[in-house]
Amino acid sequence: MRRFAQLLDRLYFEPQRNAKIRLLQDYFTEAGDPDRGYALAVLTGALTFRHAKPALVRALAAERTDDELFRLSHDYVGDLAETVALIWPASAEGEPPGLAAVVETLAQSGKATLPKVIAGYLDGLDATARWAFLKLITGGARVGVSARLAKVALAEWGGVPIQEIEEVWHGLTPPYADLFAWLEGRAARPAPGMAAPFRPVMLAQPLDEAELATLDAAAYAAEWKWDGIRVQAAAEGGTRRLYSRTGEDISGAFPDLIEAMDFDAAIDGELLVMRLEDGAPAIAPFNDLQQRLNRKTVTAAMLRDFPAGIVAYDLLAEDGADLRGLPFATRRARLEAWFAQRGRPRCVLSPLVAFADWPELARLRAETVRPSIEGLMLKRRDSAYLPGRPKGPWFKWKRDPHLVDAVLMYAQRGHGKRSSYYSDYTFGVWKDDQLVPVGKAYFGFTDEELRALDRFVRDNTVNRFGPVREVAHEKVRGLVLEIAFEGLQVSGRHRSGIAMRFPRVHRIRWDKPPAEADRLDSLEWILRRDAEQDRHRFG
């Protein structure tokens, strides 16, 4: 447990990606089985302890500490695990248990015995190990390592392509002894171990418009970039699965799609809410799709009101044949033929955009302002389907974001490395003589700008609500943030009735007085315009 705690602690304070990879690889070498497998499971989100909830940790801390001291400490630190680790009245004695022993004991503990088990471990660990233990049981190991980065470190450590790990990942279970045996050359590569496996997704590079002059327009096909969730629908051998872009199995949240997947193929596409209008499928706003995302249970009313569908981009496999090595033009022709065989319930073909040259395509991109379309995808006609984000075959050419000047209203402490900074900002625009909130942003600024924003929040706080501070935002006193966003949607959560899609801080307007920030009328106009133009039906 001590080595695992040291790993998390060092990852937390290490800002460099390559240095994080080296730390992980050193741990894989030194820790051995099964500890390294359980550590990998923690970092990739593959370990859950159903009854180990944050509320249980708070209750245990309340039994051992003064309520007011805990409240003040949590408000200052901003992170539950770190607060409890520091405030817990214990002094560790003896050698701490190994990570595997901790994980296996927790897994065998029932709801009634778990509090005693957790308290016992907290009593026997030092502050750093207590922090790592709490991150482990609550699933909140935010140390700047994504599941993808952990797999990259694993692939480089084992000397294999990352896609080979992705292809077998869903058939593996912690502590991954067979995976490590393969990477160390002691065993063959594990089989996928499941029907309809996930195939690592091919991603596009952002297009720098200056690059267009170097590209041959005739070598590329263009299609719209839909504003939904990238998915892979795999139905093979009677097994049907729906995967997210990162390979998470989300089949349980979309039973309507699973039921409609009566084919033997693997489709790459965009998940959207799709309703019938005049007998043809029509794309609904992204706000409708949000009603279906991250749901553990789906009601009959939700299935009826927000029916899911897929706009198909690519055909990765058909009737047991792997098509990923074929050129895009060939795969596209087979995809069109696949659709022509018969109707595909809840699945439509993404149309290609015809163009003669780059100026014509640029004009089409500028003229198409539907919120359900983010921009264009450019795909080389001769490109194979390659995992990851290779340079050159595919480009995404997103439309320019909207910009609005808004006034900072509230700030909240961040998480992980930002737990000591006010880094989550709620902002608003003017409605008559009052500000109404329209969104929240927590990225888009540099570390130096974050420190400046944090100082502004602390120096201009007018009210406190736990970890949230209200900031002065009168017309003559306050801070204007230039916010970039992709679109707007109707929202019952904001007093303005509007919420932004993907807002981020584009610029800090230290020079602009709050009275000159934008008004709600301008956002309402964008919303009305988009609603009128965002109508795409597939006939």
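**View 1. Four strands line up in an open sheet, in the order S1-S11-S10-S2.** The pairing in this sheet is mixed; two strands count as a pair if DSSP finds at least two bridges between them. Strands here are DSSP runs of E with at least two residues, helices are runs of H or I with at least four, and both are numbered from the N terminus. S1 (205-206) and S2 (220-226) sit at the edges with a single partner strand each, so one side of each has no neighbour in the sheet. This is a predicted model, so to speak of a local feature we need pLDDT of at least 70, and side-chain atom pairs count only at pLDDT 80 or more, while totals for chains, interfaces and linings use all residues. Residues are numbered from 1 along each chain as its sequence is written, and side-chain values use heavy atoms, leaving out hydrogens and water.

**View 2. Here S1 meets S11 (residues 394-398).** The two run in the parallel sense and pair over two bridges. Look for Pro206: its bridge partner in S11 is Lys396. Helix H16 (residues 328-341) packs on the sheet and touches S2, S10 (373-380) and S11, where touching means heavy atoms within 4.5 Å. The direction of H16 makes about 60° with that of S2.

**View 3. Helices H1 (residues 2-13) and H2 (residues 17-31) pack with their axes 10 Å apart.** Their angle is about 170°, and anything over 145 degrees counts as roughly antiparallel, so that's what H1 and H2 are. Axes are lines fitted to C-alpha atoms over the stretch in contact, and angles run from 0 to 180 degrees between N-to-C directions. On the H1 side you'll find Phe4 and Leu7, among others, meeting H2 residues that include Leu23 and Tyr27.

**View 4. Tyr12 and Trp131 make an edge-to-face ring pair.** Rings of Phe, Tyr and Trp (its six-membered ring) pair if their centres lie within 6.5 Å; planes under 30 degrees apart are stacked, over 60 edge-to-face, and the rest tilted. In this pair the centres are 5.7 Å apart and the planes at 80°. Tyr12 is in H1 and Trp131 in H9 (residues 127-138), so the pair ties together parts 119 residues apart in sequence. Both Tyr12 and Trp131 are buried, meaning under 20% relative accessible area (1.4 Å probe, protein chains only; over 50% is exposed, in between partly exposed).

**View 5. Phe263 and Trp338 form another edge-to-face pair.** Their centres are 5.1 Å apart, with 80° between the planes. Phe263 is buried at 16% relative accessible area, and Trp338 is buried at 3%.

Technical notes: Angles under 35 degrees count as roughly parallel, over 145 as roughly antiparallel, 65 to 115 as roughly perpendicular and the rest as oblique.
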